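Look at the fold as a whole before turning to its parts.

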Amino acid sequence: MTQDGSPDAVVIGAGPNGLVAANMLADHGWSVLLLEAQPEVGGAVRSDSEVQAGFVHDTFSAFYPLAAASATIRALRLEEHGLRWAHAPAVLGHVLPDGGWALLHRDRGVTAAGFEAQCAGDGEAWLDLCATWDRIGDPLLSMLLRPFPPVFPALGLLTRLRGAGGLPLVRDLLSPASSLGRNLFRGPAPRRLLAGNAGHADIPLDSPGSGLMALLMTMLGQTVGFPAPVGGAGALSAALAARFTALGGEVRCDAEVRRVVVDRGRATGVVLADGERIGVRRAVVADIAAPRLFGGLVEQGDLPARVARGMRRFELDPATIKVDWALSGPVPWNRAPAWAPGTVHLGGARDPDPLVLVGQMTTTDPTRSPAGTESLWSYTHVPQGGDWDAGSCERFADDLQARLETQAPGLASRVLARRVLGPRELEARNANLVGGSIGGGTAQLHQQLVFRPVPGAGRAETGITGLYLGSSSAHPGGGVHGACGSNAARAAVLHDRLHHLTPRLTPWRTR
């Protein structure tokens, strides 16, 4: 803290983006206070044992390919603070209508051999796709995760595109996932795999952007896998928090921020639910969903007119219902694949056929439950605004379990305990999951890049000097990659330096 007791920065929200921002600001020598409304840090990266004694379930998210690939996360060297990654024998399996599997293995040769056995030519096509990704993957990922416009990563990508396929490749990247699968492969297995991975976002399969999501998630699975933290998702958050406190940062849990104080266009502090006011010298970084930050924490009279107008059209992503099971044995799949996948997809080949995601956590990390058992979860998206009371969520979970039983007969007989988290329960445990949305806002193109969270944005700046949006509502959006928090921290440091160089220069503000 500074001599007057005020920190250089307050970070609101100790989700992964808030934790990343706090670490980066502390790396720059700032005194940082991290405030979290819940009793523990982590946001949507937490784990618990409330389903069944001896079982660990990830309360929200579970697998972290973006974290494994993110330059921001890797640079923090979290392994030095206790983080260890676990991988299932296979990355991902998509159950086919005939009970077979489209299997993604971390060894691309194994993946290709499986596709070739199902349809001649698809194995070679898979290896060609992997070779293309080898050339463009790093600059493409860097471009997607940098503040907009990502000038230098874009130039790096352009230099590689010509040798990797040129304009036909660009066309493929811009194609809907449904077209991309048909263009690249003859058989159903790799097409289903791509479509399922596109379904991790809420972009329709026949819309531009879904193909890029399909390629990104699929190739991340092929190159870095879908790893899970050993011991539970909370281990990732614990490592981030341990690094931050080792740098001298302060974490306060059970400290809900109710208001960001704005004085003459500058964020000067925050007010907690108990009335405590905390001043800030340099910046406030908000790992807060945009509807909560601009619809409550910042008073309407302090909002720039452009932000207030844009937020009236802000669109959430769909709601979510998640079910956790403690099983007395492994999932009794009809036809068990050659390598057990950590992540399983069912359906999702067409928009009317909703994708169901399943996580076999003990298969991935044996520490999650006693030997011979399985810590299992599944979730799917549902429309926003439904009347998802406890009874309707339980009935939905019954239907979801019945759907799993069509591919795993006898599953119900292995259920020791079950927990259902509907949109209300998810939001109660993490207020950023507004209405059960998990992406901080729709990932469709009309709310990405310069349109995120409002038209003309695309960066962490909010139009209020010293206040930065560092949640997944900011560019580049959802996923545990830390880029939203990183971008906010970088912007705060840059503007602080500019202010000291030219005191009259302040970030833009439009009335």
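Two strands are said to pair if DSSP finds at least two bridges between them. Helices (H or I, at least four residues) and strands (E, at least two) are DSSP runs, numbered from the N terminus. The model is a predicted one, in which local features need pLDDT of at least 70 and side-chain atom pairs count only at pLDDT 80 or more, while totals for chains, interfaces and linings use all residues. Residues are numbered from 1 along each chain as its sequence is written, and side-chain values use heavy atoms, with hydrogens and water left out.

The chain holds 17 helices and 19 strands. Its C-alpha trace spans about 65 × 55 × 45 Å along the principal axes. The radius of gyration is taken over C-alpha atoms, and the globule rule is 2.2 Å times the number of residues to the power 0.38. For 511 residues a compact globule would have a radius of gyration near 24 Å, and the 23 Å of the chain agrees with this. A residue is called buried under 20% relative accessible area, exposed over 50%, and partly exposed in between (1.4 Å probe, protein chains only). Of the 511 residues in the chain, 58% are buried.

Now to the sheet. Strands of a sheet pair through backbone hydrogen bonds, either parallel or antiparallel. Here seven strands form an open sheet with mixed pairing, in the order β7-β6-β15-β16-β17-β14-β18. At its edges are β7 (101-104) and β18 (415-421), each of which pairs on one side only. On average, and with direction ignored, neighbouring strands of this sheet are turned by 20° against each other. For such angles, axes are lines fitted to C-alpha atoms, for helices over the stretch in contact, and angles run from 0 to 180 degrees between N-to-C directions.

Which way do β6 and β15 run relative to each other, parallel or antiparallel? Strand β6 (residues 90-95) and strand β15 (residues 341-346) run parallel and are joined by four bridges. Leu 92 stands opposite Thr 343 in β15. Further along the sheet, β17 (residues 374-382) is mostly covered, with eight of its nine residues buried. Strand β14 (residues 319-327) runs antiparallel to β17, and nine bridges join the two. Ala 326 has Ser 375 in β17 as its bridge partner. Strand β16 (residues 356-360) also pairs with β17 in the antiparallel sense, over four bridges. In β17, Trp 377 stands opposite Gly 359.

Next come the empty spaces. Rolling a probe the size of a water molecule over the atoms shows where empty space is left. On a 1 Å grid over the protein atoms alone, a cavity is a set of points where a 1.4 Å probe fits but cannot get out, and a pocket is an open set with protein on both sides within 12 Å along at least five of seven lines; lining residues have an atom within 4 Å of a point. Grid points are joined across faces, edges and corners, and a volume is the space filled by probe spheres set on the points.

Two cavities of 30 Å³ or more are found in the whole structure. The largest cavity has a volume of about 70 Å³. Its lining has 11 residues, and Pro 453, Val 454, Ala 457, Glu 461 and Thr 462 lie nearest its centre. The second largest cavity, of about 30 Å³, brings us back to the sheet: β6 and β15 each supply at least two residues of its lining. Among its lining residues are Phe 63, His 87, Phe 226 and Thr 364.

The second largest pocket holds about 710 Å³ of space. Of its 36 lining residues, Ala 71, Leu 141, Ser 142, Leu 145 and Arg 146 are the closest to its centre. Elements that give two or more residues to this lining include α5 (122-145) and α17 (483-501).

Last, two residues in loops. Ser 472 is found between β19 (467-469) and α17, and is buried, with a relative accessible area of 18%. Its C-alpha atom is separated by 9.0 Å from that of Gly 482, 10 residues apart along the chain. Val 56 lies in the loop between β3 (47-48) and β4 (57-58). Val 56 counts as buried because its relative accessibility is 15%.
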